[in-house]
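Notebook open. I went through the model element by element and wrote down what I looked up.

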Protein chains: 2
Amino acid sequence: MQETDFVSGFARGLKVIEAFGETTPKLAIADVAKLTGLDRATARRCLLTLAELGYADYDGKFFVLTPKILRLGHAYLSATPLPHVVQPFLDKLSEEVHQSASASVLDGTEVVYIARASQKRVMSINLMPGSRLPAYCASMGRVLLAAMPEDEARTLLKQSVLKAFTPGTKTDPALLMEELSRVREQGYAVIDQELELGLCSIAVPLENDRGRVVAALNIGAPAASVPASEMAERYLDPLKGVARLLKSLLR
Amino acid sequence: MQETDFVSGFARGLKVIEAFGETTPKLAIADVAKLTGLDRATARRCLLTLAELGYADYDGKFFVLTPKILRLGHAYLSATPLPHVVQPFLDKLSEEVHQSASASVLDGTEVVYIARASQKRVMSINLMPGSRLPAYCASMGRVLLAAMPEDEARTLLKQSVLKAFTPGTKTDPALLMEELSRVREQGYAVIDQELELGLCSIAVPLENDRGRVVAALNIGAPAASVPASEMAERYLDPLKGVARLLKSLLR
DNA sequence: GTATATTGTGCGATATACGAACAAATGTCA
DNA sequence: TGACATTTGTTCGTATATCGCACAATATAC
């Protein structure tokens, strides 16, 4: 394969960066080779390149990413208008309803947070811009999946690992597709502790001025204080209101 | 130069990603070539590689980064223990004092936020993990600079663009070095509207169990409600308390 | 101390970068 | 509007850097 418009060395390097993760914070050369499927020599060269450029530290045995890596993600967050435009609205919304409010987009089978205004923490995990959740069991994920053509949504669900995080997690693809139609019809999605016990959330789509869904907005609340059945009546109007205001601001 | 342990294609690609930023969200091939100093042909190959891999979108004219890029920064935030360990403490601290609390590390001449718990917004800009501020005029920056050998700090100041953001911004290197000694001695730094009018902040170093400074913690407050002169008496103890608790948790 | 795993290094084959030349589009000015 | 100038994108041949393999040299485990 001699694709003239493709720099495989670059692609390999990016793969190496992504090899680092929650469960793999410090990696030796052989680890990276195994995780990425690259040759050891190649993995080594990429890692040494990262170290040379200051994106990683090397103690002779293990490699660890440095905060310089954040420049790469930051390039997106600061370059993309959406996060900036949305943030102040989330702040205001969050303060009004005294719950956390977030915005996210889809990346493959995952929801990626691009902005967030958090009140007191309810979730066990800490969400921030760049954080990811599986789309099929997150309120914003449902909204974003519902916004795409049915067959594409079905394909994404097929690619997803449909794991049950709680007893309530819906994992049957057919059931999920039904749920997506419902979401499409009613214009919002409510999740009742499918991702984490004690956490409910409601999400609405965020359209740009041409009517294309560009992101999702949500509000999360502790199930103890706001049962799922009340999510819509409490938070749907505020969410819809913000979505309406933003619609004209998004090109 | 035939460095065998360096993948220049990878390095070039990373440069291309960093070409995208706040003022340059969408770039044509020639723009990237100019910004990075790469040959147009090379820039094109890197950009097409990014597009091919889904890290960028291409409309035939302009390239735009996609949220997939966030995976790279996320690799750091989720792989590094520090942000995770610190976050809950910041949440608690922020709630106690009713102000925003953050943690950051140094990357070159800049402070990089690695965790944050925000109350009502006071700053005009929106800080989040990955955000950057110039070290010389940020409270956490002063603390981190003060923690390093004097000559290294001096070198970093030399590399910094010492711009006055407000009338109060200290930009004289000699004066800043004096300020650093003071910070080193008293164990904390207070910034009085040097970065933005109306914003005061106080920061302390965060040491690991071996006494090495691994990050800085701060609290920011509106100057209107908390004058700079009161920052220390109000917030120094809470900050020091958190730093002490964290010390034993950080290896 | 041997066995096992992991890392470092030369070498040939192959893919990639460079620069220049070409093509296409865009902008400018009479 | 039309012709020129300028910028931008693409293609191509070649010099060169990179890949993957096999082997050597460590480090680690038992």
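How many bridges join β7(B) to β8(B), and do they run parallel or antiparallel? I find four bridges, and the two strands run antiparallel. Strands here are DSSP runs of E with at least two residues, helices are runs of H or I with at least four, and both are numbered from the N terminus. Two strands count as paired if DSSP finds at least two bridges between them.

Before going on, I note that this is a predicted model: local features need pLDDT of at least 70, side-chain atom pairs count only at pLDDT 80 or more, and totals for chains, interfaces and linings use all residues. Residues are numbered from 1 along each chain as its sequence is written, while chains are lettered from A and ligands numbered from 1 in the order in which they are written.

Entry: Gln193(B) is not a glycine, yet its phi is positive, about 55°. Gln193(B) is partly exposed, because it has 17 C-beta neighbours inside 10 Å. The scale is this: 20 or more other C-beta atoms within 10 Å is buried, 12 or fewer is exposed, and anything in between is partly exposed, with C-beta atoms placed from the backbone.

I then followed β8(B) onward. Nine bridges join β8(B) to β9 (residues 213–222), again antiparallel. Val204(B) stands opposite Leu217(B) in β9(B). The hairpin of β8(B) and β9(B) has five residues between the strands, and Gly211(B) takes a positive phi near 85° there. Why is β8(B) largely enclosed by the rest of the structure? Because eight of its nine residues are buried.

Entry: His98(A) is not a glycine but has a positive phi of about 55°. His98(A) is exposed, because 11 other C-beta atoms lie within 10 Å.

**Entry: the three-stranded sheet of chain B.** I read the order as β1-β3-β2, an open sheet with antiparallel pairing. Its edge strands are β1 (26–27) and β2 (56–58), each pairing on one side only. Two bridges join β1(B) to β3 (residues 63–65). Lys26(B) stands opposite Val64(B) in β3(B).

Entry: Ala, Val, Leu, Ile, Met, Phe, Trp, Tyr, Cys and Pro are nonpolar, Asp, Glu, Lys and Arg are charged, and the others, Gly among them, are polar.

**Entry: chain A against chain B.** The contact takes 51 residues from each of chain B and chain A. Contact requires C-beta atoms, placed from the backbone, within 7 Å. On the side of chain B, α4(B) gives the most, with ten residues. That side divides into 26 nonpolar, twelve polar and 13 charged residues.

Notes. Contact = placed C-beta atoms within 7 Å.
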